[in-house]
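Here are my notes on the model you sent over.

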Amino acid sequence: MTVLITGGTGRLGRPTVAALRSRSLQLRILSRRPGEDHAVADLATGEGLADALAGVDTVVHLATSRSRDIEQTRRLLDAMRAAAVEGRPAHLIFISIVGVDRIPFAYYRDKFASERLIEASGVPFTILRVAQFHGFVTELLDAQRRLPVTVVLPVSAQTIHMPEVAERLAELVAAGPSGRVADLGGPEQLILTEYARQWQSARGVRRPIWTLHLPGRTMAAFRAGHHMPGLPGAGRVTYARYLEAGR
Ligand SMILES: NC(=O)c1ccc[n+]([C@@H]2O[C@H](COP(=O)([O-])OP(=O)(O)OC[C@H]3O[C@@H](n4cnc5c(N)ncnc54)[C@H](OP(=O)(O)O)[C@@H]3O)[C@@H](O)[C@H]2O)c1
């Protein structure tokens, strides 16, 4: 089976490529830059897309452009239909985010619109909504490392270890088109002040932790926890264990 991974060079893409490689699949990594096993293509222009898709059975769509995701997903779907063999397009697996239908954040709205495009496309699909990654929260905290305080929002999160998401994606490749599957999240829900406390302890940082209250419907939706899939989450690696492992 030949699998094309868009975004295979990204944060989630790298462990996903590793998980698929360990299953002895033929891999093609769609990237704008040349590299090992790369199919050079650009989702913003469509250049290289037809060649990248030739002979592909499954596409794992992880690429993100932050503001042009709808247009790029549409371009990918069009190219997949054009590359269909005997009228059958390849299977598309799309990574989405828990709560995209309930949180009015622009990036999430675009994800939800992309989900709807996929559902209406006639391309056989699987949609997996995932909670925030442990690494995402860590990047936000690491960016504050030199500040005299650590600032967090007054919300909880149910973050997950990226390699566990990658394993789930690999299972979904094997499963074939499954529609919208169960949301995926980590093993615990923690308030962000607790994430900050664990991060400070792992990094040897001691600072006051401040909570920033912001108005608006997006913040209200996060406070209501619409971005968390609920417990028990399928993920096993806690944030503390992830930090201990130094990742
Ligand atoms: N961060 C989270 O907590 C979280 C939670 C749930 C779901 N997700 C989703 O997980 C996915 C992966 O996120 P990530 O943080 O791993 O992404 P990332 O590290 O920012 O990587 C972005 C990827 O998109 C590719 N890309 C961007 N523009 C492209 C274009 N015009 N043509 C082709 N490829 C393009 C890049 O490939 P090249 O640069 O090699 O071309 C790169 O591999 C995203 O869809 C994100 O929404 C994230």
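1. Start with Ser22, which sits in the loop that links H1 to S2. Keep in mind throughout that this is a predicted model. Is Ser22 buried or exposed? With a relative accessible area of 55%, Ser22 is exposed, because the cut-off for that label is over 50%.

2. Ser22 does have a contact within the protein. A polar atom of its side chain is 2.8 Å from the backbone oxygen of Ala19. As for Glu47, it is 25 residues from Ser22 in sequence, and the two C-alpha atoms are 30 Å apart in space.

3. The loop with Ser22 belongs to the stretch between H1 and S2, and those two elements, together with S1, form a β-α-β unit that is right-handed. Here H1 covers residues 13-21, while S2 covers residues 26-31.

4. Now S1 itself, residues 2-6: 5 of its 5 residues are buried. Which way do they point? Thr2, Leu4 and Thr6 go one way, Val3 and Ile5 go the other, and all are buried.

5. S1 has a parallel partner in S2, with 5 bridges joining them. S1 also pairs with S4 (residues 58-61), again in the parallel sense, over 4 bridges.

6. On to the ligand. There are 27 residues around it, and those that come nearest are Thr9, Leu12, Ser31, Tyr107 and Lys111. By class, the shell is made up of 13 nonpolar, 8 polar and 6 charged residues.

7. For Arg32, a side-chain N or O atom is 2.8 Å from an oxygen of the ligand. Phe133 takes part through its backbone, where a polar atom is 2.9 Å from a ligand oxygen. The ligand has 920 Å² of accessible area on its own, and the protein covers 91% of that.

8. Which elements give two or more residues to the shell? They are S2, S5 (91-97) and H4 (106-119). S5 has the largest share, with 3 residues.

Technical notes. Residues are numbered from 1 along each chain as its sequence is written. This is a predicted model: local features need pLDDT of at least 70, side-chain atom pairs count only at pLDDT 80 or more; totals for chains, interfaces and linings use all residues. Side-chain values use heavy atoms; hydrogens and water are left out. Buried means under 20% relative accessible area, exposed over 50%, partly exposed in between (1.4 Å probe, protein chains only). Two strands pair if DSSP finds at least two bridges between them. A crossover is right-handed if, with the strands pointing away from the viewer, the path from the first strand over the helix to the second runs clockwise. A residue is near a molecule or strand if one of its heavy atoms lies within 4 Å of it. A polar contact is a pair of N or O atoms within 3.5 Å; within protein, one must be able to donate a hydrogen and the other to accept it, and residues adjacent in sequence count only if both atoms are side-chain atoms. Accessible areas come from the Shrake-Rupley method with a 1.4 Å probe; for residues, only the protein chains shown count as cover. Ala, Val, Leu, Ile, Met, Phe, Trp, Tyr, Cys and Pro count as nonpolar, Asp, Glu, Lys and Arg as charged, and the others, Gly among them, as polar.
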